[in-house]
Amino acid sequence: MSRRVVITGAGTINALGSDVPATLAAMREGRSAIGDLDIRDVDRLTIRIGAQVKDYDEGAHFNRQQIALYDRYTQFALLAAGQALAQAGLTFQGELAARSGVILGTSGGGLNTQDENYRAVYEGGKNRVHPFVVPKLMNNAAAAHLSMEYNLKGPSFTVATACASSNHAIGQAFHFVKSGMADVMVTGGAEAMLCFGGVKAWEGLRVMSRDTCRPFCATRSGMVQGEGAGIFVLEEYEHARARGADILAEVAGAAMTSDASDIVMPSRQGAERAMAGALEQAGLNTGDIGYINAHGTGTAANDKIESAAVAHVFGADADRLAISSTKSMHGHCIGATGAIELLACIMALRDGVIAPTANWQEPDPECALDIVPNVARDATVTACLSNAFAFGGMNAVLALKAV
Amino acid sequence: MTADIRTRIHEIVAEQAMIDVADVTDASVPADLGVDSMGLVEAIFAIEEAFDIHVPFNANAPDARNFDYSTVGSIVAAVERLVAEQRG
């Protein structure tokens, strides 16, 4: 009997809201959280907008000793995980603890910590830094703190595949549970790249918008960065059922491919193979899919290639599915983005609401799909995909089913 | 100044395309020289550094009229304008 994998807990903090209900409510409203960045030295940036977590007070959540060790991305991961584990209602002791772990995605890790401390030693001329800079900035810090906080003693590590990091992480966690290597995996992603160095680096690529993110729109002007975390509890189906857990959705497939072509330009074939692979693994046909949460960055390169790839994989069924990019609302949260976007998939499956592509103005003939412009839509969705196509040509697509 | 700008831009394009500067003319089309979209972004960075100017270029809206890069000569003209505007 093949093992099935279900989601029994979800948590988030992002610019749309500090938990799942607030985030989903914002998505239903089609409300974009993109606005003026409030960060140090913003006046030296060309790009001054982002989907930033505002009114955030770390002292309201963590004590002095914790803050000394928790970069902003770790704080986001811990806050989102707290919600997810509370919803799952799991505690980890003995054999279950040994058979449970953490796989998180992040791209920048403790980038704020790096930014602040490089500034201190290079610009500030300081010759001494805080003793915990290394454990605070390291890319596995968030995963490590989750394992410590919840006594998760099985396999734990961090995945870094740029903008696909959390889809790779969730896909890997899915395979761990499905294969029997673990019974419960805490997974998702966290990112906090909205600091001077983080935004300055992105400016250089000339792909950032100076007004807002308009995926699949003829007037698109580029991507907008966001930040936050999305954390999920993946659990073996019989284990979840035996304890009467509320099952949010089933993760039915996860496929990963590499373009093996260009470091930044996406390839249609790589995206197609990832979507087709996720469908095949999930035992789904193209006609079963009612919704795709697109990678949808709002860059010309992504939106055209992704639209062509969907059209090619789905054929005539492409005209019957809805596809939206919620990056128009929560921004591109880089290594956390797939995890935050998975919430839109759960909303489609559980609540029958498809999140819209916000900020949309006019059709792009090269993106001729039903992109759910600006207004959320009620629909019965029994299966969906979540796309992530990263720099490096590394792709990861998740297939979810309603339970 | 104009001759200097032209010479420097020819050098930048040649370096980006990894060809001899003698093979670059005002009529050259960057893509024909092997300068792809990422190469163009890198060349624009080099131009900004060389002339201490800001070049308004967004890779998502490359048809925008604010920086005509259709030929090397049009880049020279655009940079001359930007230098005059931004450095007075």
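Reader: Before we get going, what does contact mean here, and how many residues of domain 1 of chain A are in contact with domain 2 of chain A?
Author: Contact means heavy atoms within 4.5 Å. This is a predicted model, by the way. Chain A is split into domain 1 (5-242) and domain 2 (254-401). By that rule, domain 2 of chain A brings 62 residues to the contact, and domain 1 of chain A brings 61 residues.

Reader: How far apart are the centres of those two domains of chain A?
Author: The centres are taken over C-alpha atoms. For domain 1 of chain A and domain 2 of chain A, the separation comes out at 21 Å.

Reader: And what area do the two domains of chain A bury between them?
Author: Interface size is often quoted as the accessible area lost when parts come together. Carbon and sulfur atoms account for 70% of what domain 1 of chain A and domain 2 of chain A bury. On the domain 1 side, Met27(A), Asn167(A) and Phe216(A) supply 19% of the buried area, more than any other three residues. The whole area buried between the two domains is about 4,600 Å².

Reader: Which residue does Arg28(A) pair with in a salt bridge?
Author: Domain 1 of chain A and domain 2 of chain A have three salt bridges between them. The side chain of Arg28(A) makes one at 3.5 Å, N to O, and its partner is Asp351(A).

Reader: Which element gives the most residues to the side of domain 1 of chain A that touches domain 2 of chain A?
Author: Polar contacts link 22 residue pairs across this interface, both partners at pLDDT 80 or more. Elements giving two or more residues to the domain 1 side include strand 1 (5-14), helix 1 (20-29) and helix 8 (165-179) of chain A. With nine residues, the top contributor is helix 8 of chain A.

Reader: Now for the other chain: what area is buried between chain B and chain A?
Author: Chain B puts eleven residues into the contact, and chain A puts in 15 residues. Carbon and sulfur atoms give 47% of the buried area. The total between chain B and chain A is about 900 Å².

Reader: Which residue of chain A forms a salt bridge with Glu48(B)?
Author: There's one salt bridge counted between chain B and chain A. The side of chain B that touches chain A has six nonpolar, four polar and one charged residues. In the salt bridge, the closest N and O atoms are 2.5 Å apart, and Glu48(B) is joined to Arg206(A).

Note on methods: Residues numbered from 1 in each chain as written. Chains lettered and ligands numbered in written order. Heavy atoms only, no water. Buried area = accessible area lost by both parts, 1.4 Å probe. Salt bridge = Lys/Arg side-chain N within 4 Å of Asp/Glu carboxyl O. Nonpolar A, V, L, I, M, F, W, Y, C, P; charged D, E, K, R; others polar. Domains from an automatic or database assignment. Polar contact = N/O pair within 3.5 Å; in protein donor to acceptor, adjacent residues only side chain to side chain. Helix = DSSP H or I, 4+ residues; strand = E, 2+ residues; numbered from the N terminus.
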